[in-house]
Amino acid sequence: MIAWSESAEWGDFWARRVARFVTVWGYARVSTFDQEPAAQLDALNSAGVRDEHLMVEYASGALTSRPGLDELLSKLVRGDVLTVVKLDRLGRSLSHLVRVVADLGERGVEFRSLTEAIDTTTPAGRLVFHLMAAVAEFERELIRERTLAGLAARRAAGGHMGRPSWVTA
């Protein structure tokens with residue numbers, strides 16, 4: 001019988017297995033090629049993200065599809081941690097950010113934002129995230145109410161609804 005401490009191969013096997021379950025990934029984004037992601041990369045490295053687990057993307061945050069982010073999200077598995085320097089590096093809006101982080105949570109992937117100190121690996125971090133999600137839902141409901149009120153006022157005033165007609169008589 002070989003004791004676990006006597007076998008370097010056995011120890012390496014477990015080190016690789018444990019590392020697989022707690023892989024810390026980092027995502028850095030800058031809007032243009034003129035900007036430098038160096039400060040973000042330094043912060044992510046200091047937070048424990050290894051270079052081989054970093055995704056750097058040069059894309060506007062307003063884009064609906066960011067190939068680098070999409071690729072990174074597809075690589076994440078249960079037990080992984082996605083780390084960003086600031087929330088605005090990940091999400092286009094609060095509602096988009098909430099959807100992304102909620103999807104990660106459903107897949108068993110944790111999330112950390114270094115600047116805002118949000119860390120869903122802790123109970124306090126999950127609380128902060130859920131408060132953000134509640135604010136985002138509240139914001140969506142307010143927008144919906146204002147839209148419906150505007151439409152009702154337009155109807156009551158006898159105004160035309162929809163796009164103007166291009167057909168002339």
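## Largest pocket

Helices H4 and H5 each contribute at least two residues to the lining of the largest pocket. A pocket here is an open set of points on a 1 Å grid over the protein atoms alone, where a 1.4 Å probe fits, with protein on both sides within 12 Å along at least five of seven lines; lining residues have an atom within 4 Å of a point. Helices (H or I, at least four residues) and strands (E, at least two) are DSSP runs, numbered from the N terminus.

The lining consists of Val101, Ala102, Gly105, Gly108, Val109, Glu110, Thr120, Arg126, Phe129 and His130. By class it holds four nonpolar, four polar and two charged residues, where Ala, Val, Leu, Ile, Met, Phe, Trp, Tyr, Cys and Pro count as nonpolar, Asp, Glu, Lys and Arg as charged, and the others, Gly among them, as polar. The volume of the largest pocket is about 170 Å³, taken as the space filled by probe spheres set on the points, with grid points joined across faces, edges and corners.

## Basis of the model

The model is predicted: local features need pLDDT of at least 70 and side-chain atom pairs count only at pLDDT 80 or more, while totals for chains, interfaces and linings use all residues. Residues are numbered from 1 along each chain as its sequence is written, and side-chain values use heavy atoms, with hydrogens and water left out.

## Nonpolar cores

A nonpolar core is a set of buried Ala, Val, Leu, Ile, Met, Phe, Trp, Tyr and Cys residues joined through side-chain atoms within 4.5 Å. Buried means under 20% relative accessible area, exposed over 50%, and partly exposed in between (1.4 Å probe, protein chains only). The largest core has 23 residues, of which Tyr27, Leu76, Leu82, Leu90, Leu104 and Phe111 touch the most other members. Two or more residues each come from strand E1 (24-30), helix H3 (67-75), strand E3 (81-84), helix H4 (94-106) and helix H5 (123-156). H4 gives the most, with five residues. A separate core of six residues includes Leu44, Val49, Val81 and Val85.

With contact defined as heavy atoms within 4.5 Å, and residues up to four places away in sequence not counted, Leu90 touches Tyr27, Arg66, Leu69, Leu82, Val84, His96, Leu97, Val100, Val101 and Phe111. Ala136, in helix H5, counts as buried because its relative accessibility is 0%. Under the same exclusion, Ala136 touches Leu94, Ser95 and Val98. The C-alpha atoms of Ala136 and Leu97 are 9.4 Å apart, although the two residues are 39 apart in sequence.

## Strands and sheet

The chain contains five helices and five strands. The strands form an open sheet with mixed pairing, in the order E2-E1-E3-E4-E5; two strands pair if DSSP finds at least two bridges between them. E2 and strand E5 (118-119) stand at the edges with a single partner strand each, so one side of each has no neighbour in the sheet.

E1 and E2 run parallel and are joined by five bridges, with Arg29 opposite Glu57 in E2. Strand E4 (residues 110-113) pairs with E5 in the antiparallel sense over two bridges, and Arg112 has Asp119 in E5 as its bridge partner.
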